[in-house]
Amino acid sequence: MTVEKTDTLVVGGGQAGVAMSEHLSKLDVPHIVLERNRIAEKWRTGRWDSLVANGPAWHDRFPGLDFDDVDPDAFAPKDRIADYFEAYAKKFNAPIRTGVEVKKVERNVGKPGFTIETSEGVIEANRVVAATGPFQRPVIPPIAPQYDNIQQIHSADYYNPEQLPAGNVMVIGAGSSGVQIADELQRAGKKVYLSVGPHDRPPRAYRGRDFCWWLGVLGEWDAEAMKPGTEHVTIAVSGAHGGKTVDFRELAHQGITLLGMTKSFDNTRVTLQPDLVENIANGDKNYLELLDAADAYIERNGLDLPEEPEARKMLADPDCLSNPLLELDLAEAGVTSIIWATGYAVDYSWLKVNAFDEQGKPKHQRGVSSEPGVYFVGLPWLSRRGSTFIWGVWHDAKHIAGHIATQLTYSNYKDPSQR
Ligand SMILES: Cc1cc2nc3c(=O)[nH]c(=O)nc-3n(C[C@H](O)[C@H](O)[C@H](O)COP(=O)(O)OP(=O)(O)OC[C@H]3O[C@@H](n4cnc5c(N)ncnc54)[C@H](O)[C@@H]3O)c2cc1C
């Protein structure tokens with residue numbers, strides 16, 4: 001059997017794999033990227049049909065290419081984003097092989113490097129970069145009940161309102177996915193119950209600048225660690241309908257019933273946490289803090305940006321917020337489907353190396369793992385808050401490629417007797 005050899009094998013051809021390939025190419029590091037589906041497949045088929053980028057086109061892109069057919073302040077549709085990464089990879093002839101799955105990576109014994117089993121044979125590489133994404137395995141919490149007559153899906157399997165049975169719907173989780181899906185279902189004529197946990201909700205825009213710009217100039221995208229106690233705080237933003245601030249009161253006035261966190265199920269009775277008011281209040285606090293920080297930045301820098309006092313006005317509390325439900329009977333409420341917008345976990349079952357802690361989380365520093373020769377890219381907080389996002393992964397990939405190139409220099413060193 002012939003064994004193909006390369007210096008660096010990148011697993012995954014999403015945006016992280018494309019960014020890795022660009023930086024490795026620039027540094028002349030021989031490499032191959034293996035992608036089991038197509039380039040940026042998750043943007044093509046792993047998201048709901050109407051999804052657009054959460055950030056404007058000037059921001060949610062790599063530095064080397066504009067979205068030439070999307071207004072810089074508009075939000076690119078998901079298929080356009082997939083096309084963008086395909087075009088980007090073509091631009092520098094990225095050595096990406098699609099339709100090839102990595103089944104197993106093991107460290108070689110008695111010689112350097114790794115042996116990689118793929119669906120198309122064996123490859124040996126000195127280094128392996130896991131670019132398989134931050135959101136690999138949809139997570140539904142163990143409280144989920146078994147139902148015959150209520151359809152339950154994860155947000156990863158939601159595409160459009162037509163796929164759901166007739167009847168009302170409960171959406172559990174109100175981060176960017178849950179909140180957008182709930183809004184879409186409500187607009188499609190469904191009665192929606194939305195279970196809301198702790199969240200940040202930045203204004204879509206303030207005083208003429210998008211929140212992506214504000215987080216950038218205020219240094220928040222570059223924050224290196226989460227603020228203590230914010231581990232379970234999701235971010236509720238949306239580029240849908242031209243980009244609007246996520247406002248839970250507005251959603252409720254539209255007809256969505258807001259609920260606290262979902263605690264447990266007993267047959268069709270759902271018990272809810274008494275935390276809705278607190279979660280909404282903390283989201284408001286986060287929103288107002290950003291406005292304050294933006295005002296202070298404008299003042300400090302003497303910027304001429306239009307005042308926007310109306311951004312501080314909150315709508316009246318809807319009834320579901322004044323009198324939050326602590327229980328919901330799904331049968332009585334006519335709920336025929338539940339969408340779990342409860343996030344994702346990573347899955348490195350194919351990576352058989354000693355690079356994980358007791359909880360199975362990758363051990364690394366800015367993507368350089370504790371296991372020499374193994375690298376991770378695209379993970380939440382890999383180096384900073386922006387690490388899972390389009391622009392952030394590009395910068396992390398640059399750092400990792402730099403580390404790899406340095407190691408390659410050491411590997412290639414020959415002493416005078418070898419030269
Ligand atoms: C609903 C949603 C909306 C988002 N919106 C935005 C946004 O607007 N802006 C933004 O910046 N970010 C957004 N993100 C975050 C992030 O940009 C995306 O999740 C993005 O897809 C991550 O890219 P990635 O390359 O790290 O991972 P992925 O896109 O998941 O790519 C990983 C690739 O690895 C492949 N793979 C996995 N295992 C193997 C294997 N064993 N062998 C070979 N190939 C393998 C997969 O097929 C996949 O193509 C969003 C995320 C979600 C879930």
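Predicted model: local features only at pLDDT ≥ 70, side-chain atom pairs only at ≥ 80, totals over all residues.
User: Let's start with strand E6. Is E6 enclosed or open to the outside, and why?
Analyst: Strand E6, residues 121–130, is largely enclosed by the rest of the structure, because 7 of its 10 residues are buried.

User: Which way does E1 run against E6, and how many bridges join them?
Analyst: E1 covers residues 4–11 and runs parallel to E6, with 7 bridges joining the two.

User: What other strand does E1 pair with?
Analyst: E1 also pairs with strand E2, residues 31–35, in the parallel sense, over 4 bridges. Leu-9 turns up here too: its bridge partner in E2 is Ile-32.

User: What holds strands together in general?
Analyst: Strands of a sheet pair through backbone hydrogen bonds, and the pairing is either parallel or antiparallel.

User: Back to E6. Is its pairing with E5 parallel or antiparallel?
Analyst: Antiparallel, over 5 bridges; E5 is residues 114–118.

User: How many residues sit between E5 and E6?
Analyst: There are 2 residues between them, and the two strands form a hairpin.

User: And E24, how does that strand run against E6?
Analyst: E24, residues 374–376, runs parallel to E6, and 3 bridges join them. Val-129 has Tyr-375 of E24 as its bridge partner.

User: Switching to helices. How do H1 and H3 pack?
Analyst: H1 is residues 15–26 and H3 is residues 78–91; their axes are 10 Å apart and the angle is about 20°. An angle under 35 degrees counts as roughly parallel, so H1 and H3 are roughly parallel to each other. Their crossing is left-handed.

User: Which residues make that contact between H1 and H3?
Analyst: From H1, Gln-15, Val-18 and Ser-21; from H3, Phe-85, Tyr-88 and Ala-89. By class, the contact of H1 with H3 has 4 nonpolar residues, 2 polar and no charged.

User: How do H1 and H9 cross?
Analyst: H9 is residues 390–412; the axes of H1 and H9 come within 8 Å and cross at roughly 40°. That makes H1 oblique to H9. The crossing of H1 and H9 is right-handed.

User: Which H1 residues meet H9?
Analyst: Gln-15, Ala-16, Ala-19, Met-20, His-23 and Leu-24 of H1 do. On the H9 side, the residues they meet include Ile-390, Trp-394, Lys-398 and Ile-404. The contact of H1 with H9 divides into 11 nonpolar, 2 polar and 1 charged residues.

User: New topic: what order do the strands of the sheet with E17 come in?
Analyst: The order is E16-E17-E18, in an open sheet of 3 strands with antiparallel pairing. E16 (262–266) and E18 (327–329) are at the edges with a single partner strand each, so one side of each has no neighbour in the sheet. On average, neighbouring strands of this sheet are turned by 20° against each other, direction ignored.

User: How many bridges join E16 to E17?
Analyst: 4 bridges, and E17 is residues 269–272. Thr-262 has Leu-272 in E17 as its bridge partner.

User: Now some single residues. Where is Lys-42?
Analyst: Lys-42 is in helix H2, residues 41–45. Lys-42 has 19 other C-beta atoms within 10 Å. Buried takes 20 or more, so Lys-42 counts as partly exposed.

User: What does Lys-42 touch?
Analyst: Not counting residues up to four places away in sequence, Lys-42 touches Gly-14, Arg-47 and Gly-133. The C-alpha atoms of Lys-42 and Phe-135 are separated by 9.5 Å, with the two residues 93 apart along the chain.

User: What is phi like at Arg-366 and Trp-381?
Analyst: Phi is near 50° at Arg-366 and about 60° at Trp-381. Neither residue is a glycine. Most residues other than glycine have a negative phi.

User: Where do Arg-366 and Trp-381 sit?
Analyst: Arg-366 is in the loop between strand E22 (364–365) and strand E23 (368–369). Trp-381 is in the loop between E24 and H9.

User: Are they buried, partly exposed or exposed?
Analyst: Arg-366 is partly exposed, with 16 C-beta neighbours inside 10 Å. Trp-381 also has 16 such neighbours inside 10 Å and counts as partly exposed.

How values were computed
Residues numbered from 1 in each chain as written. Buried ≥ 20, exposed ≤ 12 C-beta atoms within 10 Å, placed from the backbone. Pairing = 2+ DSSP bridges. Axes fitted to C-alpha atoms, helices over the stretch in contact; angles between N-to-C directions. Parallel < 35°, antiparallel > 145°, perpendicular 65-115°, else oblique. Left-handed = near helix turned anticlockwise from the far one by under 90°. Contact = placed C-beta atoms within 7 Å. Nonpolar A, V, L, I, M, F, W, Y, C, P; charged D, E, K, R; others polar.
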